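Colleague: I am new to this one, and I would like to know what stands behind the words you use for it. Could you show it to me and let me ask?

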Amino acid sequence: MPIWVLAVLEVVSVLGQSGSYMRTQPSCLALLVFSISSFSAEPPPIGLNANQMSIATGQPSLVLMSSGSTHVPVWSLSGGTVGQSVAGVVTGLRGDCAAVKVEIVVTTTDETTSPEFTDVYRVHLSQMVDGAPFTERYALGKTVRTALPSAPFHSRTIVLESCYEVVPDAPLTVRIQREPGDPGDTFIKPTGLAAVKVTPLRALPKPHVVQDVPGYNSWPMLQAIGGKLVCVYGRGKGHTIASDDRAVYARTSTDGGKTWTAETVVADAKDFGEVAVGKGLGATGAMLLWVRRIGKGEWHHDLYRSTDGVTFTLIATPTLAVRPMQITDVFSVPKVGLMALWFGGDYSDKPTQSWGTMTSIDDGKTWTQTPVETGLLKPDWPTEPAAVYLGDGKILAIARTETGPAQFQIVSTDNGTTWKRTRTNISDVAASTPSLILDAKTGLLSNYYYERGRGLLRRRVVDPNRVFDHPLSWPGSEAVATGSKVTFDAGNANATVIGDTHFVSFYSGKAPDTSVVVSEIAAPAAKK
């Protein structure tokens, strides 16, 4: 990969040292971006500097910054005036380019900058393909919110789009817009847009097929038992949870998902619709599986146990005061035992939503339900949460949002007795169920989720200590697999790990027929 070098040019006040603006404009900081070629076969990034962009909307200012004998142009984007954007055209996308990643480099010279403030940007993308209007491939990026640096003259590289599919050789129009009207943009001062970087991406590997027989194969749970993968999934006639035609099945793989054993039945009770909703490992290393069972006014959560992924034994059907919509993945917490998070509600706009914990001290035979928040409105309701135990009493969970704009982060410092729920800056989501992997070797946390409508399985990787108290500091995502773009006929990522490899299941297709697949992804390496 070519090396991108950022040369920081400090711009000082006219009342201070010798530097000055060539014209009077709000303060900001310039960065000069250039590329040093390397001997890599990877497609090199393509850079746009300020002179290669022009005003698209509003009245942003092209500022010529000066320090000594050095003069650099940058775009100053207001923190108070909405509708300002600049655009440029990228050419030279090679024939093996399947998609692009778009990043911006921004900064500020304002002395009030602080991580207590955040700003928001988005990208507009389109391509000029021969024989088609340039509006045909238009894509509006999700808003991206990040915290400002603690001091002026510090730059930030922000990923605005991690995987926009392109037609090779066709010109790509990139429009960058700051969103000061967004409630997440709390910094009222201008920021400086120094550069845009467009990185060509090759096609992603295709996932392994677990099951693709006719029917609505969906909502998979994936668990490793030693070196064996166990994929549990449901199949019915459509996107339904209570119809009697829906049952739960399992297949296993010992070669990383390339081949799978014959399908076995996990649960198929008469007059009930069944869906696998959570998985994990018990105290002895056996697989535990939550299956929701609905029928004729009855609603149950059954817990199954398996040592081989083929035979599943029912071990518990707890009676619960608050009816969960789902009980999610099981994990271990020292001094507590087994824990799972649950959420309940009716998805209405009334204050009827809730969530909490389930704990077991006897390896899943009995469970204690504890509500954490009740009477929630839908915008405040964390659904389909995934959690990991970090040590020293700390638990970090990520939850889906039903209304946007970003996933929730929920943390505990006392082994799950008390919790704090906040929004993250993870906004490239659409009914996106998260799944977390904490790598024992590196300590890195991977958050996998499927962006419905875009057909992208995404991953964000972070040191959990960085985001535990700073949920707006999640780094940008990367696309690791693609699937169907039919909004609710694809999604529901669920991950597990064997050695240095992550495996992530999801479903993909178009009703009435969808498939369950598993992507094989290298665990992230620790940064040197």
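Colleague: What makes the largest pocket a pocket, and what is its volume?

Modeller: Its volume is about 1,300 Å³. On a 1 Å grid over the protein atoms alone, a pocket is an open set of points with protein on both sides within 12 Å along at least five of seven lines, whereas a cavity is a set where a 1.4 Å probe fits but cannot get out. The volume is the space filled by probe spheres set on the points, which are joined across faces, edges and corners. Please keep in mind that this is a predicted model, where local features need pLDDT of at least 70 and side-chain atom pairs count only at pLDDT 80 or more, while totals for chains, interfaces and linings use all residues. Residues are numbered from 1 along each chain as its sequence is written, and side-chain values use heavy atoms, with hydrogens and water left out.

Colleague: How do you know which residues line the largest pocket, and which lie nearest its centre?

Modeller: A lining residue has an atom within 4 Å of a point, and 45 residues line this pocket. Nearest the centre are Lys-101, Arg-459, Ser-477, Glu-478 and Ala-479. The strands that each supply at least two lining residues include S9 (99–107), S35 (456–462), S36 (478–482) and S39 (513–522). S13 gives the most, with 5 residues. Strands here are DSSP runs (E, at least two residues), and helices are H or I runs of at least four, numbered from the N terminus.

Colleague: How does the lining divide into nonpolar, polar and charged?

Modeller: There are 25 nonpolar, 6 polar and 14 charged residues. Ala, Val, Leu, Ile, Met, Phe, Trp, Tyr, Cys and Pro count as nonpolar, Asp, Glu, Lys and Arg as charged, and the others, Gly among them, as polar.

Colleague: You mentioned Arg-459 and Glu-478. What is the bridge partner of Arg-459 in S36?

Modeller: The partner is Glu-478. S35 and S36 are called paired because two strands pair if DSSP finds at least two bridges between them, and these two have 4, in the antiparallel sense. They belong to an open sheet of 4 strands in the order S33-S34-S35-S36, with antiparallel pairing.

Colleague: Which are the edge strands of that sheet?

Modeller: S33 (435–438) and S36, as each pairs on one side only. On average, neighbouring strands of this sheet are turned by 25° against each other, direction ignored. Axes are lines fitted to C-alpha atoms (for helices, over the stretch in contact), and angles run from 0 to 180 degrees between N-to-C directions.

Colleague: Why is S39 described as largely enclosed?

Modeller: Buried means under 20% relative accessible area, exposed over 50%, and partly exposed in between (1.4 Å probe, protein chains only). In S39, 7 of the 10 residues are buried, so the rest of the structure largely encloses this strand. S38 (residues 501–510) pairs with S39 in the antiparallel sense over 10 bridges, and a hairpin joins the two through 2 residues. Pro-512 lies in the loop between S38 and S39, and the peptide bond from Ala-511 to Pro-512 is cis, with omega near 15°.

Colleague: Where does Ala-397 find its bridge partner in S31?

Modeller: At Ile-410. Ala-397 also has Ala-387 standing opposite. Its strand, S30, is joined to S29 (residues 383–391) by 6 bridges and to S31 (residues 408–412) by 5, with antiparallel runs. S30 is also largely enclosed by the rest of the structure, since 6 of its 7 residues are buried.

Colleague: Is Glu-111 buried or exposed?

Modeller: Exposed: its relative accessible area is 62%, against the mark of over 50%. Glu-111 sits in the loop between S9 and S10 (118–127).

Colleague: Why is the count of disulfides 0?

Modeller: A disulfide is a covalent bond between the sulfur atoms of two cysteines. The rule used here asks for a pair of cysteine sulfur atoms within 2.5 Å. For Cys-97 the closest cysteine sulfur, in Cys-163, is 9.6 Å away, which is too far for a bond. By this rule the count therefore comes to 0. Cys-97 is buried at 2% relative accessible area, and Cys-163 is buried at 5%.
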